[in-house]
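Let's take a walk through this structure together. Have a look at it before reading on.

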Amino acid sequence: MPILYDYLRAPSPRRARIVLAEKGIAHETVIVDLAAGEQLGEGFRAINPACTVPALVVEEGVPALTDNAAILAWAEAVKPQPPLLGTTPLDKAEIASWNARIEAECFMAIAEAMRNTAPAMKDRALPGPVNYAQIPELAERGRARLLDFLDRFDAHLASRDYVAASGFSVADITAAVAIDFARVLRIDPAEGRPHIAAWRARLAQRPAFSL
């Protein structure tokens, strides 16, 4: 059975949890305590030298899948239904485009703002085995980028039920996890943005989003 290396308070492994749940892929879970720095220990480095979660071991003796892109690609290949990457060429293109856009313009904006201000992230402004100093100006830019994205995203959702193509996809997973994580900045993405609020309430009806 696959083994997911996880940390419940972090957004990136939550994306993997939701993907596996939506696919109905059973797995074991091992918690890596990021707050205690367990990801930097030799034990976990042997699984993922990049010192990040999620990491998914799908077979003994096979290198772990160490990012959400790889985990999603594997899950879609081993269990094509329900599809999270679309079915038609145009749907696949639209979903891939929106997923990349959300990662770059929303997820990374939140990470910039949080990792460059949080006291617990001092000298840990980037994940991984190398320490990097915080840059307060990047935090300010991250907040501005996030607020701009949220306004544009709300307008995008005005005439549709899901982020991309004709139905639920990985773009919804990525966006919902990112938007939920915005709480670390004391920002409510749904405040004054009714279309985001309605879309997020729609996703809350899916059991996987309770994870």
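What follows is a short tour of one arginine and of several charged pairs.

This is a predicted model, so local features need pLDDT of at least 70 and side-chain atom pairs count only at pLDDT 80 or more, while totals for chains, interfaces and linings use all residues. Residues are numbered from 1 along each chain as its sequence is written, and side-chain values use heavy atoms, with hydrogens and water left out.

Start at Arg 115, found in helix H4 (residues 89-115); helices here are DSSP runs of H or I with at least four residues, numbered from the N terminus. Arg 115 is buried yet has no salt bridge. Buried means under 20% relative accessible area, exposed over 50% and partly exposed in between, with a 1.4 Å probe and protein chains only. A salt bridge is a side-chain nitrogen of Lys or Arg within 4 Å of a carboxyl oxygen of Asp or Glu. A polar atom of the Arg 115 side chain does lie 2.7 Å from the backbone oxygen of Arg 124.

Elsewhere, the structure holds 13 salt bridges. In one of them, Glu 22 joins Arg 206, with the closest N and O atoms 3.0 Å apart. That pair links distant parts of the chain: Glu 22 sits in helix H1 (residues 11-23) and Arg 206 in the segment after helix H7 (194-203), 184 residues apart. Glu 22 counts as buried, at 14% relative accessibility, and Arg 206 as partly exposed, at 25%.

Asp 151 and Arg 193 also meet in a salt bridge, at 2.9 Å from N to O. Finally, Arg 14, Asp 180 and Arg 200 are linked in a network of salt bridges.

Note on methods
Helix = DSSP H or I, 4+ residues; strand = E, 2+ residues; numbered from the N terminus. Lys, Arg positive; Asp, Glu negative; His and termini not counted. Polar contact = N/O pair within 3.5 Å; in protein donor to acceptor, adjacent residues only side chain to side chain.
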